[in-house]
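Thanks for coming. I will show a structure and then go through a few of its parts in turn.

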Amino acid sequence: MTETRQRRVSNGTSQPKEDIDQNIDENKPKYWDPLTDGVRWIEKYAEPLEKFFERLPEFISTFIATFAVFTFGSTLRGEWVVILVTALKQIFGHTQSDRNMTTEEIYKLFTSENLKMENFAVIFISAHCVSYGTYFAIGGFLHWYFYVRRRHLAHEWKIQPKKWLSPELERHEIMIGTVSLFITGSFSAFLACYIYNENPSTVYYQFDEYGWWWFFLQFPIIFVYTDYTTYILHRLYHTPWLYKRFHKLHHKYKQPTAFSVTAIHPVEIMHVQLTMCLPLFTLPVHWMPFYAVALYNYYHGILDHSGINFKGQWWQPWQPDAEFHDEHHQFFHCNYGFNMSLWDKIHGTMRKVNRVYTEETFEGEAPLIDSAEANKIIETDPDAKEFVQKTKLNEAVASSKDSLNAKQ
């Protein structure tokens, strides 16, 4: 439309209506692009939203954003439907001791028609409707709140304030995330229906079935299990064969956003989810500690991938800042932990500032910053070159400050 008008003014002539309509049709996209249309929708309503948030006190707008992140995480993979089913079972007095699971029972379950899955269609549709609804609605809100509303203040909140994902990569992460969500949401729907129909598991519902001590001990035990197994799996997917075939997809996003949290290869994300669910079939687990830890993990997973400089709170001495995982996306083969940096410290996989990391330098191969190998990398890798220059500049500034302090 704009180009047509400009041609008419510059040439001093007007085109026939048929030609104008033809030009408009040619400029229309040949397929529906949800990201482009979503951005247009955000831009359309950005001004009234901006005015609304300007009238709110800062702590209220912060609370809204935090609540949005929590809701985003709690509904994203469909776990909300499992939580609902198990909570209802507790309310209506169900107990795990009503049926005992034996090896023979498990065998029969998967080799006969004993598997009960009534109401699966209802649970399946509900899980996906809520997951996709929050993915696009709340994910879009978070994108607007930071990446549109505060884009001009990126130096105040963004970990990499001068670097942004391209529109093509933004579309890519949403498309991959949509596919991965369907797979994880389908599994959550299956698990919820499985438990709803009282198929064998080790989940229990009443607080005191296994004693109060065990109920409270589950919180740290499940947290450590989840975090350490995630570290192991993450590190496993950074071995050359698995990385190039699966995990490399997730590392296309060197400046991750909240949408990056589910932009993972379907095989990998399913592997992780199945591993996380093992306690539901191996230990007596109350649904509340298990899913409280799961929601905590998803909440921080979104923060860690948001690109926003979130800090661990005073009551979370174990929790690294969001920059810890953001550096993993920048430097690839280091900082594998999520909710604890302890595992990286124990296993020696913390990022070392005197090393040059690239996507091709796998664990233990990153050369020293002043080595001949590092110089070869710098010649062909602009990001590595920028990192080395920045590191040496910081060292020079720090050295100058030390010299001045020594003289004083």
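This is a predicted model: local features need pLDDT of at least 70, side-chain atom pairs count only at pLDDT 80 or more; totals for chains, interfaces and linings use all residues.

Let me start with one crossing of two helices. Helix H10 passes helix H14 in a right-handed crossing. Who meets whom there? On the H10 side, the contact is made by Phe-215, Gln-218, Phe-219, Ile-222, Phe-223 and Thr-226. On the H14 side, the residues are Met-288, Pro-289, Phe-290, Ala-292, Val-293, Tyr-296 and Asn-297. Sorted by class, this contact of H10 with H14 has 10 nonpolar residues, 3 polar ones and no charged ones.

As for the geometry, H10 covers residues 212–236 and H14 covers residues 287–305. The two pack at an angle of about 40°, and their axes are 8 Å apart. Angles under 35 degrees would count as roughly parallel, so at about 40° H10 is oblique to H14.

For the overall picture, the protein has 18 helices and 2 strands. It has 408 residues, and buried residues make up 46% of them. If we take contacts between residues at least 6 apart in sequence, 72% of them join residues at least 24 apart.

Is Thr-229 buried or exposed? Its relative accessible area is 15%, so Thr-229 is buried. Leaving aside neighbours within four places in sequence, Thr-229 is in contact with Thr-275 and Met-276. Thr-229 and Thr-275 are 46 residues apart along the chain, and their C-alpha atoms are separated by 7.8 Å.

H5 is residues 79–91 and H9 is residues 167–196. Their axes come within 8 Å and cross at roughly 10°. That angle makes H5 roughly parallel to H9. From H5, the residues taking part are Glu-79, Val-81, Val-82, Val-85, Thr-86 and Lys-89. They meet Ser-188, Ala-189, Leu-191, Ala-192, Ile-195 and Tyr-196 in H9. By class, the contact of H5 with H9 has 8 nonpolar, 2 polar and 2 charged residues.

Now the cysteines. How many disulfides does the structure hold? The count is 0. Cys-277 has 9% relative accessibility, so Cys-277 counts as buried. Cys-334 is at 0% relative accessibility and therefore counts as buried too.

Last, two asparagines with a backbone feature to point out. Asn-119 has a phi near 65°, which is a positive value in a residue other than glycine. Where does Asn-119 lie? It lies in the loop between helix H6, residues 103–111, and helix H7, residues 120–148. At 42% relative accessibility, Asn-119 counts as partly exposed.

The other one is Asn-335. Asn-335 is not a glycine either, yet its phi is positive, at about 50°. Asn-335 lies in the loop between helix H15, residues 322–331, and helix H16, residues 342–347. Its relative accessible area is 1%, so Asn-335 is buried.

To recap the helix pairs: H10 is oblique to H14, while H5 is roughly parallel to H9. On the asparagines, Asn-119 is partly exposed and Asn-335 is buried. That is the end of my part.

Definitions and conventions
Residues are numbered from 1 along each chain as its sequence is written. Side-chain values use heavy atoms; hydrogens and water are left out. Axes are lines fitted to C-alpha atoms, for helices over the stretch in contact, and angles run from 0 to 180 degrees between N-to-C directions. Helices (H or I, at least four residues) and strands (E, at least two) are DSSP runs, numbered from the N terminus. Angles under 35 degrees count as roughly parallel, over 145 as roughly antiparallel, 65 to 115 as roughly perpendicular and the rest as oblique. A crossing is left-handed if the near helix is turned anticlockwise from the far one by less than a right angle, and right-handed if clockwise. Contact means heavy atoms within 4.5 Å. Ala, Val, Leu, Ile, Met, Phe, Trp, Tyr, Cys and Pro count as nonpolar, Asp, Glu, Lys and Arg as charged, and the others, Gly among them, as polar. A disulfide is a pair of cysteine sulfur atoms within 2.5 Å. Buried means under 20% relative accessible area, exposed over 50%, partly exposed in between (1.4 Å probe, protein chains only).
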